[in-house]
Amino acid sequence: MSTLQALIFDVDGTLADTESVHLQAFNHAFADQGLDWHWDEALYTQLLEISGGKERMTHYWKQVHPTMKDIVGSGLTDTIEHLHALKTAAYESAVQSGAVKLRPGVLDIIHSAHKQGLRLAIATTTSPVNIAVLLRNAIGPDWKDLFVVIEDASTAPKKKPHPQVYVQTLARLGLPSGQCLAIEDSSNGLRAAMAAGLKTLITQNRFTAHHDFSGALQVLPDLGGISVEQLHTWHQQ
Ligand code: XBP
Ligand code: MG
């Protein structure tokens, strides 16, 4: 029987309910560039089927505004890069000003798991600056000391449901998937983790409550009141 040695956390929607702040940041970038794009929550819930902010904007552009000319005069890719840089800056300042709190139970689980000697890792499709601003504000300047591995959009360009980010996390942990547990919020994340052979706990949120979570170890509203011991028990199931 493989005992649990590591927890691998997704970021957006799992560590914190960040997507409404991402949504505001996208709309800020569009308005800043004089685009008449405005994503409401209903549309964004659909667009979240596409992991990765750049991929999401590219999908939207090609699907909804195929005739739109690029705005920086050097083609779609550069325009998307430019919009994404603006969006990330807007997201960073919103989180920096306290727009996002960690979800219930997350900080307790991180600290108790770390104290009990479990290794902690992050496997996300978001950008590294977004992880840093969230966790620096939520945990403190030494937040990185708690995580032995961080894989993100800068190290794993193939986005969930592709398993690349989880496969690379496992390789860097040096652990078999059977000794780890992934914690996710979305069907893309669940599929990516399961494709890497990981048992996965889902903490759903309002953007993902309608998703198909077949194959998840558990589907929870959040981690509130969940102990590390309980994670061990579920992992042994
Ligand atoms: C969720 C995502 C990200 C965010 C936006 O990531 O798909 O794209 O929505 O962040 P996670 P970026 O894997 O943590 O759930 O604009 O930086 O992509
Ligand atoms: Mg997520």
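The protein exposes about 10,200 Å² of surface, and carbon and sulfur atoms supply 52% of that area. The model is predicted. Of the 237 residues, 52% count as buried. A magnesium ion (ligand 2) is held by three protein donors: Asp-10, Asp-12 and Asp-185.

**Overall fold**

- The protein has nine helices and six strands.
- Its radius of gyration is 18 Å, close to the 18 Å that the globule rule gives for 237 residues, so the protein is as compact as a globular protein of that length.
- Along the principal axes, the C-alpha atoms fill a box of roughly 55 × 35 × 30 Å.
- Take the contacts between residues at least 6 apart in sequence: 65% of them join residues at least 24 apart.

**Charges**

- The protein carries 18 positive and 24 negative charges.

**Magnesium site**

- Asp-10 and Asp-185 each donate through OD, whereas Asp-12 donates through its O atom.
- These donors lie 2.1 to 2.2 Å from the magnesium ion (ligand 2).
- Along the chain, the donors follow the spacing D-x1-D-x172-D.
- Asp-10 sits in the loop between strand 1 (6-9) and helix 1 (19-32), and Asp-185 in the loop between strand 4 (180-184) and helix 8 (187-195), so the pair ties together parts that are 175 residues apart in sequence.
- Asp-10 has a relative accessibility of 5%, so this residue counts as buried, the cut-off being under 20%.
- Asp-185 is buried as well, with a relative accessible area of 6%.

- Gln-164 belongs to helix 7, which covers residues 164-173.
- With a relative accessible area of 14%, Gln-164 falls under the 20% cut-off and is therefore buried.
- Leaving aside residues up to four places away in sequence, Gln-164 touches Ala-156, Pro-157 and Lys-158.
- Ile-122 is 42 residues from Gln-164 along the chain.
- The C-alpha atoms of Gln-164 and Ile-122 are separated by 13 Å.

Conventions. Residues are numbered from 1 along each chain as its sequence is written. Chains are lettered from A and ligands numbered from 1 in the order in which they are written. This is a predicted model: local features need pLDDT of at least 70, side-chain atom pairs count only at pLDDT 80 or more; totals for chains, interfaces and linings use all residues. Side-chain values use heavy atoms; hydrogens and water are left out. Donors are N, O and S atoms within 2.8 Å of the metal (3.2 Å for Na, K and Ca); water is not among the atoms, so sites may look incomplete. Helices (H or I, at least four residues) and strands (E, at least two) are DSSP runs, numbered from the N terminus. Buried means under 20% relative accessible area, exposed over 50%, partly exposed in between (1.4 Å probe, protein chains only). The radius of gyration is taken over C-alpha atoms; the globule rule is 2.2 Å times the number of residues to the power 0.38. Contact means heavy atoms within 4.5 Å. Accessible areas come from the Shrake-Rupley method with a 1.4 Å probe; for residues, only the protein chains shown count as cover. Lys and Arg count as positive and Asp and Glu as negative; His and the chain ends are not counted. The place of a charge is taken as NZ of Lys, CZ of Arg, CG of Asp or CD of Glu.
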